[in-house]
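I opened my notebook to look up how the inside of this chain is packed. Here is what I was working from.

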Amino acid sequence: MALPRLGADGCFRFLRAQRTIQGIATGAATSAFSASVVEHAPERHKKLGTIITSIAPAGGLGLGALLTGAAVRFSSHATAIVFTALAVVMVVGTAVAAFSAETVSRRPEAARTLLTRVSIPRAARDEFLASIPVHMAAWMLAGLFMGLVPTIIRDLLGLHSGLLNGATAFIEPAAAAVAGLFLGRLTARRTIFVGGAGVLLGTAVIEAGVASGMLSLLWVGGIIGGVGFGASFSGAVRTIAPLVQPHQRAGLFASIYLVAYLSLGVPTIIAGLLIAPVGLQGTVLGYGVAVLVAATVGLVAQYRVHTRS
């Protein structure tokens, strides 16, 4: 029996529904995976486990952008390649999760524990509130690179290359992942301050690149901002995670990633809606100002909570 044709509108609605389900699944799984990594890590490696959970999302974003750009450039089957790679990774991840040992004892009505709960335990509340603008600035900058840089390259710089788009989008999250790993020797608070400064400087350089039409400044700003992204997010997670009990970690990580993913997605959607009335360059410059404001507020909030502790 032939499948019914959905048409353009039907395909768009179907795709939107799929992306919604995927987003819900990603948000639910990420918090549980993050808590699991920390809990499975030996006591002497708890800090490393926390660092890994903080850099993995950025690393995944960067690798996905690079793979997509390379597939578009070198293959006529980019969609099949990208989604096949995603499917393979998900199958492997699901298998690892299925065969991993439980980190807590089973309780009656265990099915209710499968529901992800967003919670902020009292012991971590002050630190969490102080970290919100830090997360906002870091993930808004990531949204700028992942969501708008390909359009900037095409429309403002006049360059048309899938590989260039993917490689440029790769720079910022890749630098974030590397920075989060190698700055782990600093104290968590100092890492946040280094990260906030990096987000401020990187955003300013990106703004200069957009205003002047220089791709090299986009790359430099992406590297600096990526270091800031990785350092600030990693430092904030390292500051908050040790404050709660093991059974509270999944809910806390759910709260962290709720702020992170909303900061990644919502401002980018708003920016997309503003491009038509304001123009691409004006939208990007205004977006950058919002990132600068959030980063500045984050640094002030971190300084205040640090002086109180």
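Entry 1, the main core. I am reading a predicted model here. I looked up the largest nonpolar core and found 23 residues in it. The members that touch the most others are Leu 144, Leu 148, Ile 206, Leu 218, Val 284 and Tyr 287. I then checked which elements give two or more residues to this core, and they are H4 (125–156), H6 (188–212), H7 (215–240) and H9 (280–308), helices each. H4 provides the largest share, with nine residues.

I picked Val 284 and skipped its neighbours within four places in sequence. What remains in contact with Val 284 is Leu 144, Leu 148, Ile 152, Glu 207 and Val 210. I also noted another core lying apart, made of 20 residues, including Ala 138, Trp 139, Ala 142 and Ile 256.

I located Thr 239 in helix H7. Is Thr 239 buried or exposed? Its relative accessibility is 12%, and the cut-off for buried is under 20%, so Thr 239 counts as buried. Its side chain reaches the backbone oxygen of Gly 235 at 2.8 Å. Setting aside neighbours within four places in sequence, I listed Glu 127, Ala 188, Arg 189 and Ile 192 as contacts of Thr 239.

Notes:
Residues numbered from 1 in each chain as written. Predicted model: local features only at pLDDT ≥ 70, side-chain atom pairs only at ≥ 80, totals over all residues. Heavy atoms only, no water. Core = buried A, V, L, I, M, F, W, Y, C linked by side-chain atoms within 4.5 Å. Buried < 20%, exposed > 50% of the residue type's maximum accessible area, 1.4 Å probe, protein only. Helix = DSSP H or I, 4+ residues; strand = E, 2+ residues; numbered from the N terminus. Contact = heavy atoms within 4.5 Å. Polar contact = N/O pair within 3.5 Å; in protein donor to acceptor, adjacent residues only side chain to side chain.
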